[in-house]
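Please look at the sequence and the 3D structure shown here. The paragraphs that follow lead through them step by step.

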Amino acid sequence: MKQGEIWLINLEPTIGVEIKNTRPAIIVNDNAIGKLPLKVIVPLTDWKNHYQIAPWMIQISPNKVNNLTKTSSADCFQVRSLSDQRIINKIGKIDYATLEKIKDGLAKVLSIGY
């Protein structure tokens with residue numbers, strides 16, 4: 001499991017407004033960091049036009065590399081670390097430009113460099 005790959009992830013159980021269900025998510029942690037069986041992920045959700053005003057929602061269009069079936073949004077506000085046991089199977093991967101947009105979204109959420 002490497003940075004920029006999209007995997008199907010089981011996010012249950014959840015509490016409150018945490019993003020839930022089994023859904024695609026992007027691995028965002030650096031490949032060289034960490035010995036624990038954990039991954040840092042940004043979950044995907046259906047794209048909604050009103051997300052355009054949220055700088056942490058990164059639009060991703062489906063293509064043959066990412067293998068998504070619909071226009072999606074990487075929800076950088078829902079970033080989390082989770083056990084490898086929640087990871088089900090690989091779907092695809094995102095391109096470098098999209099990964100950089102997600103990193104920028106994460107930086108905004110975490111107030112890094114602003």
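Contact means that heavy atoms lie within 4.5 Å of each other. By that rule, and not counting residues up to four places away in sequence, Leu44 touches Ile6, Ile19, Arg23, Pro24, Ala25, Ile26, Ile60, Leu68, Ser72, Ser73 and Ala74.

This is a predicted model, in which local features need pLDDT of at least 70 and side-chain atom pairs count only at pLDDT 80 or more, while totals for chains, interfaces and linings use all residues. Residues are numbered from 1 along each chain as its sequence is written, and side-chain values use heavy atoms, with hydrogens and water left out.

Helices (H or I, at least four residues) and strands (E, at least two) are DSSP runs, numbered from the N terminus. In sequence order the pattern reads β-β-β-β-β-β-β-α.

Next comes the chain as a whole. A compact globule of 114 residues would have a radius of gyration near 13 Å, and the protein chain has 13 Å, which agrees. That radius is taken over C-alpha atoms, and the globule rule is 2.2 Å times the number of residues to the power 0.38. Along its principal axes, the C-alpha trace spans about 35 × 35 × 35 Å. Of the contacts between residues at least 6 apart in sequence, 62% join residues at least 24 apart. The accessible surface comes to about 7,000 Å², and 55% of this surface belongs to carbon and sulfur atoms. Accessible areas come from the Shrake-Rupley method with a 1.4 Å probe; for residues, only the protein chains shown count as cover.

How much of the chain is buried? Of its 114 residues, 39% count as buried. Buried means under 20% relative accessible area, exposed means over 50%, and partly exposed lies in between (1.4 Å probe, protein chains only).

A nonpolar core is a set of buried Ala, Val, Leu, Ile, Met, Phe, Trp, Tyr and Cys residues joined through side-chain atoms within 4.5 Å. The largest such core has 14 residues, and those with the most contacts inside it are Ile26, Val42, Leu44, Ile60, Ala74, Ile94 and Ile102. Strand 3, strand 4 and helix 1 are the elements that give two or more residues to this core. Helix 1 provides the largest share, three residues. A second, separate core of nine residues includes Ile9, Leu11, Ile27 and Ile87.

Helix 1 covers residues 96-109; at 1.5 Å a residue its 14 residues should span 20 Å, and its end C-alpha atoms are 20 Å apart, which agrees. The expected span is 1.5 Å times one less than the number of residues. At the start of helix 1, a side-chain oxygen of Asp95 reaches to within 3.2 Å of the backbone nitrogen of Ala97. The buried residues of helix 1 are Thr98, Leu99, Ile102, Gly105, Leu106 and Ala107. They pack against strand 2 (22-27), strand 3 (38-46), strand 4 (57-60) and strand 5 (72-75).

Ser111 lies in the segment after helix 1. This residue is exposed, with a relative accessible area of 56%. Although not a glycine, Ser111 has a positive phi of about 55 degrees. Its C-alpha atom is separated by 25 Å from that of Lys20, 91 residues apart along the chain.

Pro13 sits in the loop between strand 1 (5-10) and strand 2, and the peptide bond from Glu12 to Pro13 is cis, with omega near 0 degrees. Asn67 belongs to the loop between strand 4 and strand 5. Its phi is positive, about 60 degrees, although Asn67 is not a glycine. At 41% relative accessibility, Asn67 counts as partly exposed.

Gln78 is found in the loop between strand 5 and strand 6 (80-83). Is Gln78 buried or exposed? Gln78 is buried, with a relative accessible area of 17%. Its side chain reaches the backbone nitrogen of Ile19 at 3.1 Å. Leaving aside neighbours within four places in sequence, Gln78 is in contact with Val17, Glu18, Ile19, Ile41 and Pro43.

Terms used:
A polar contact is a pair of N or O atoms within 3.5 Å; within protein, one must be able to donate a hydrogen and the other to accept it, and residues adjacent in sequence count only if both atoms are side-chain atoms.
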